Amino acid sequence: MESAELIFSYFPDLTDVQRDKFSCLEGLYREWNAKINVISRKDMDAFWVHHVLHSLAIAKVLQFRAGTKVMDVGTGGGFPGIPLAILFPESEFYLVDSIGKKIKVVEGVKEALGLKNVRAEQIRVENVREKQDFIVSRGVTAFPAFVSWVKDKVNRSSQNELNNGILYLKGGDFSEELQPFAGRVTIYEIPAFFTEDFFETKKVIHLSF
């Protein structure tokens with residue numbers, strides 16, 4: 001069983017406040033999971049690697065600048081949005097999911113951690129009207145379908161080191177899914193950042209807008 005120390009080893013410059021928030025995560029999710037099952041029991045035992053560290057692979061690709069607006073689509077219980085919100089307290093995170101019980105968990109975790117930079121809403125992403133700098137997600141569907149859902153929700157004026165767009169966590173071989181976006185996609189191999197076996201085929205996909 002891993003602990004928050006795993007996160008601290010990969011992100012050694014965390015503040016005491018950030019360390020405290022990360023340290024609380026597993027207990028909070030175990031408590032909520034007992035009421036509303038959003039993480040399988042098997043996956044809960046790999047909580048730090050499969051959920052928290054995986055979410056933070058995005059932070060190894062891009063450090064969000066203050067004021068950056070990020071929407072987490074299909075957030076489930078709050079991944080990757082909650083870990084990223086702890087890491088980037090000066091960025092704004094909007095976590096959306098179509099399933100109300102999942103948003104209830106996100107709201108509970110947000111309140112317990114005092115995350116002022118997070119808001120959560122039960123809504124289908126197609127119905128979101130506001131624009132964001134980045135859309136993040138953990139492989140909720142085939143990539144072309146995902147792009148079609150969110151392509152009109154990205155600000156075109158960039159303020160970060162990468163152009164505004166999508167940062168997508170996905171595993172396996174999906175080169176065919178990326179063919180329509182040739183020239184706009186960069187693939188980052190997560191094993192370049194983290195050594196755990198779980199990440200062997202995992203990637204962060206950046207689609208530039």
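Q: Is the crossing of α2 and α6 left-handed or right-handed?
A: Helix α2 spans residues 16-35 and helix α6 spans residues 100-113; helices (H or I, at least four residues) and strands (E, at least two) are DSSP runs, numbered from the N terminus. A crossing is left-handed if the near helix is turned anticlockwise from the far one by less than a right angle, and right-handed if clockwise. By this rule, the crossing of α2 and α6 is right-handed.

Q: What pLDDT do local features need in this predicted model?
A: Residues are numbered from 1 along each chain as its sequence is written, and side-chain values use heavy atoms, with hydrogens and water left out. The model is predicted: totals for chains, interfaces and linings use all residues, side-chain atom pairs count only at pLDDT 80 or more, and local features need pLDDT of at least 70.

Q: How many nonpolar residues does the contact of α2 with α6 have?
A: The axes, which are lines fitted to C-alpha atoms over the stretch in contact, with angles from 0 to 180 degrees between N-to-C directions, come within 10 Å and cross at roughly 140°. In contact (heavy atoms within 4.5 Å) are Lys-21, Cys-24, Leu-25, Leu-28, Tyr-29 and Trp-32 of α2 and Lys-104, Val-105, Gly-108, Val-109, Ala-112 and Leu-113 of α6. Asp, Glu, Lys and Arg count as charged, Ala, Val, Leu, Ile, Met, Phe, Trp, Tyr, Cys and Pro as nonpolar, and the others, Gly among them, as polar. By class, two residues are charged, one is polar, and the number of nonpolar residues is nine.

Q: Why does Glu-26 count as buried?
A: Buried means under 20% relative accessible area, exposed over 50%, and partly exposed in between (1.4 Å probe, protein chains only). Arg-30 counts as partly exposed because its relative accessibility is 34%, and Asp-45 does so at 43%. Glu-26 counts as buried because its relative accessibility is 15%.

Q: Which side chain of opposite charge is nearest to Glu-196?
A: Glu-196 is found in the loop between β6 (185-189) and β7 (202-208). Leaving aside residues up to four places away in sequence, Glu-196 touches Leu-6, Tyr-10, Val-49 and Leu-53. Lys and Arg count as positive and Asp and Glu as negative, while His and the chain ends are not counted. Glu-196 is buried yet has no salt bridge, and the nearest side chain of opposite charge, 10 Å away, is Lys-60.

Q: What omega does the peptide bond from Phe-79 to Pro-80 have?
A: Pro-80 is found in the loop between β1 (69-73) and α5 (81-87). Most peptide bonds are trans. The bond from Phe-79 to Pro-80 is cis, with omega near 10°.

Conventions: A salt bridge is a side-chain nitrogen of Lys or Arg within 4 Å of a carboxyl oxygen of Asp or Glu.
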